[in-house]
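Q: I have just opened this one and would like a quick walk through it. Can we start with the overall layout?

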Amino acid sequence: MPFIKLEKCTRCLKCVKDCPAQAITIETGEIADTCIHCGHCVAICPEMAVRPDFGDVFLLQPHEVTPKDFRNLSSGIRSCRSYLPKDVPDAVLLQLIDNMKHYPSASNARPLQVTIVRSKEKVKLLNDLTEEALIRMFSFLCKPWVSTFIRIFAPSINVNKIKRYRDSFISRSETNDSQICHHAPAVVLFHGEVSKTGMAEADANIWATYTSIYANTLGLGTCFNGFIVKAMGKKSKLNPKFKVPVNHQVYAALLVGYPKVKYRNEASRTSPEVTLV
Ligand SMILES: Cc1cc2nc3c(=O)[nH]c(=O)nc-3n(C[C@H](O)[C@H](O)[C@H](O)COP(=O)(O)O)c2cc1C
């Protein structure tokens with residue numbers, strides 16, 4: 001639990017007003033167990049009288065990212081599918097992990113664990129097992145009785161398109177030995193317990209997005225990987241091969257490495273349709 005040093009507290013009530021759990025009784029310095037450990041009380045206290053439940057308190061450093069900088073940064077971040085044959089040092093990977101303490105999480109539950117696959121053999125194994133799992137999945141969907149069932153009960157799914165995709169996926173697997181992982185030197189897996197009530201999937205995609213942005217500022221390239229997420233779903237047989245707990249699901253996967261390609265131009269795409277109400 002955070003802890004309030006009452007002797008330093010001036011009763012400005014900033015912490016009380018900003019607490020999303022309304023857990024603070026400033027008269028006694030008590031913090032109720034409804035506290036979600038978000039640290040807003042620590043962040044807002046002008047006297048540093050609220051101590052965090054973990055670590056120390058530091059003054060926020062000013063940043064120099066202007067809106068123009070952010071726009072330019074995001075327009076330059078593209079999915080990287082071509083990597084230099086160069087390892088990402090563990091220190092850099094751990095730098096990516098360390099910054100995750102700053103990323104948001106539903107109810108601040110922070111249900112995610114991260115596994116980094118970063119040996120050539122393991123990345124290849126992840127590539128091959130994911131490919132096998134997807135080929136099995138496509139083949140199942142293309143079985144005559146399953147396609148008939150889909151045509152009747154889910155007519156919006158285009159079975160012929162799945163069949164064409166399966167064929168091209170299988171033929172690519174014969175010529176490309178890394179069609180899933182693109183020879184990335186590291187693959188970051190964001191996983192958590194399977195739960196009907198939690199929001200681990202949303203957390204994972206947010207954390208992967210922040211990680212991608214941070215990685216790009218460090219000169220790395222990244223690519224989200226939905227294939228791995230599909231293959232490492234609920235009770236996946238792949239989990240033990242990558243030390244992912246059996247009761248966990250991989251909710252987001254991010255390829256990371258030094259990019260071989262550099263993009264020169266901004267390729268305009270449409271922004272989403274917006275409705276102002
Ligand atoms: C959730 C998600 C899953 C994705 N899965 C894959 C994937 O499995 N393989 C791949 O090559 N790209 C994947 N991508 C990358 C998209 O294809 C890419 O973002 C899109 O084509 C736009 O290109 P850009 O990221 O370079 O702007 C994924 C992107 C997202 C957001």
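Q: How far apart do the C-alpha centres of domain 2 and domain 3 lie?
A: They lie 26 Å apart. This is a predicted model, in which local features need pLDDT of at least 70 and side-chain atom pairs count only at pLDDT 80 or more, while totals for chains, interfaces and linings use all residues. Residues are numbered from 1 along each chain as its sequence is written.

Q: Which domains is the protein divided into?
A: Domain 1 covers 3-51, domain 2 covers 79-120 + 180-257, and domain 3 covers 127-174. The bounds come from an automatic or database domain assignment.

Q: And how many residues of domain 2 are in contact with domain 3?
A: 8 residues of domain 2 are in contact with 6 residues of domain 3. Contact means that the C-beta atoms of two residues, placed from the backbone, lie within 7 Å.

Q: Switching topic: which residues touch the most other members in the largest nonpolar core?
A: V187, F190 and V256 do, in a core of 38 residues. A nonpolar core is a set of buried Ala, Val, Leu, Ile, Met, Phe, Trp, Tyr and Cys residues joined through C-beta atoms within 7 Å. Buried means 20 or more other C-beta atoms within 10 Å of a residue's own, exposed 12 or fewer, and partly exposed in between, with C-beta atoms placed from the backbone.

Q: Which element gives the largest share of this core?
A: Strand 8, with 7 residues. Helices (H or I, at least four residues) and strands (E, at least two) are DSSP runs numbered from the N terminus.

Q: What does V256 touch?
A: Leaving out residues up to four places away in sequence, V256 touches V88, A184, A186, V188, A215, L220 and T222. There is also a second, separate core of 10 residues, including C19 and C41.

Q: OK, the ligand. Which residues are around the ligand?
A: R78, S79, R81, C223, F224, N225, G226 and F227. Each has its C-beta atom, placed from the backbone, within 6 Å of the ligand.

Q: Which elements give two or more residues to that shell?
A: Strand 7 (221-224) and helix 9 (226-231). The shell divides into 3 nonpolar, 3 polar and 2 charged residues.

Methods
Nonpolar A, V, L, I, M, F, W, Y, C, P; charged D, E, K, R; others polar.
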